[in-house]
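Q: I'm new to this one. Can you walk me through a few spots?
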Amino acid sequence: MQPDADLRRLATTWPPRLDWAVDLVAVVNTSPDSYFSGSVTTDVDAAVAAARQHIQQGAHFIEIGGLSGGSAARRVSEDTELERTLPFVEAIVAEFPQVVVTIDTFRPKVAEAALAAGARAINDVTAMHFAPEMIALAAEHQVPVFLMHLEGPGGHAGRKLNRPRYEDVVGQVTDFFTERIETLTSAGITKDDIVIDVGLGAGKRPFHDYELLAALDEFSKLGVAQMSAPSRKQFVQAISPVPPEQRLGGSIVGALWSVVAGGCSYLRVHEVQPYAQMLDVWDALAQHVSSPPMPDRSA
């Protein structure tokens, strides 16, 4: 197809409207090991204040996590994780009952305590591989579950993330989620309650992340919603060698691509305002622009 023909084809679909809801999942980390210090709070009052700001800026979910997903993070006991999360869940649920509070954990005891305290969703970075009993817990409570792909045996138990290898990262992640979806639906969890996350930076090198980002639309064929979590990840650093605090611009590009090209309906973010603004501006642009400019080749 010739370039002009390509542009004419795009003119009928560009820029694409976001005709589906995009929910912003705001992270409140209670682990001091988080790779992005800007999301960390170890004080309940400060966490409530952070949640208030996130909600005012457009967050739909507040995620509480007491363990860092970084490969250099220290492992902590179940009791420590409970101490880091349960008071925060209780306080934020009490203050903001209108917002869904998500517990970020792979431990059933922590998830069960958080659900009892009012949390209404589970984000398990091991996709419920670390503790299969998490599946029965989610089915019993009928809550949404976010499942992340994390390379390495047993998730946080002895995972090896330094030199991940894939023959076909897109195919392997697809196979992984196909099995997970079948397992969870067989246990009574509906597809409407399953959200998958390809796990950018989680046991992957930056070039794996780019392959997955480019193929996000393929994962929509699995019949469940997708969440993208590009915030401050190393795929940005691979292009612009800066620390996490300076990766917001690249993170926003990854988020916009995830939504517009990948069809993701959830964005997991460390700060809400830039991403809410991104979505609002894109939607306004899509309403006012009918086609891209066509080149003048007459000269």
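Q: At what angle do helix H10 and helix H11 pack?
A: About 50 degrees, with their axes 10 Å apart. This is a predicted model. H10 covers residues 248-260 and H11 covers residues 273-288.

Q: What do we call that arrangement of H10 and H11?
A: Oblique. Angles under 35 degrees would count as roughly parallel, and 65 to 115 as roughly perpendicular. H10 and H11 are therefore oblique to each other.

Q: Is the crossing of H10 and H11 left-handed or right-handed?
A: Right-handed.

Q: Which residues make the contact?
A: From H10, Leu-248, Ser-251, Ile-252, Ala-255, Leu-256, Val-259 and Val-260. From H11, Pro-274, Tyr-275, Met-278, Leu-279 and Trp-282.

Q: How many of the residues in that contact are nonpolar, polar or charged?
A: The contact of H10 with H11 has 11 nonpolar residues, one polar and no charged.

Q: New topic. Where does Leu-213 lie?
A: In helix H7, residues 206-214. Leu-213 is buried, at 7% relative accessible area.

Q: Which residues does Leu-213 touch, leaving out those up to four places away in sequence?
A: Leu-200, Phe-235, Gly-254, Trp-257 and Ser-258.

Q: And what separates the C-alpha atoms of Leu-213 and Ser-228?
A: 8.9 Å, with the two residues 15 apart along the chain.

Q: On to the strands. How many residues of strand E2 are buried?
A: Five of the five, in residues 61-65. So E2 is largely enclosed by the rest of the structure.

Q: Which residues sit on each side of E2?
A: Phe-61, Glu-63 and Gly-65 on one side, Ile-62 and Ile-64 on the other. Both faces are covered.

Q: Which strands pair with E2?
A: Strand E1, residues 23-29, pairs with E2 in the parallel sense over five bridges. Strand E3, residues 100-104, also pairs with E2 in the parallel sense over five bridges.

Q: What stands opposite Ile-62, and what is the bridge partner of Gly-65 in E3?
A: Ala-26 stands opposite Ile-62. For Gly-65, the partner is Asp-104.

Q: Last one. What is phi for Ala-127 and for Met-128?
A: Phi of Ala-127 is near 55 degrees, a positive value in a residue other than glycine. Met-128 also has a positive phi, near 65 degrees.

Q: Where is Ala-127? Is it buried or exposed?
A: Ala-127 is in the loop between strand E4 (121-124) and helix H5 (133-141). Ala-127 is buried, with a relative accessible area of 0%. Met-128 is in the loop between E4 and H5 too, and counts as buried at 1% relative accessibility.

Definitions and conventions. Residues are numbered from 1 along each chain as its sequence is written. This is a predicted model: local features need pLDDT of at least 70, side-chain atom pairs count only at pLDDT 80 or more; totals for chains, interfaces and linings use all residues. Side-chain values use heavy atoms; hydrogens and water are left out. Axes are lines fitted to C-alpha atoms, for helices over the stretch in contact, and angles run from 0 to 180 degrees between N-to-C directions. Helices (H or I, at least four residues) and strands (E, at least two) are DSSP runs, numbered from the N terminus. Angles under 35 degrees count as roughly parallel, over 145 as roughly antiparallel, 65 to 115 as roughly perpendicular and the rest as oblique. A crossing is left-handed if the near helix is turned anticlockwise from the far one by less than a right angle, and right-handed if clockwise. Contact means heavy atoms within 4.5 Å. Ala, Val, Leu, Ile, Met, Phe, Trp, Tyr, Cys and Pro count as nonpolar, Asp, Glu, Lys and Arg as charged, and the others, Gly among them, as polar. Buried means under 20% relative accessible area, exposed over 50%, partly exposed in between (1.4 Å probe, protein chains only). Two strands pair if DSSP finds at least two bridges between them.
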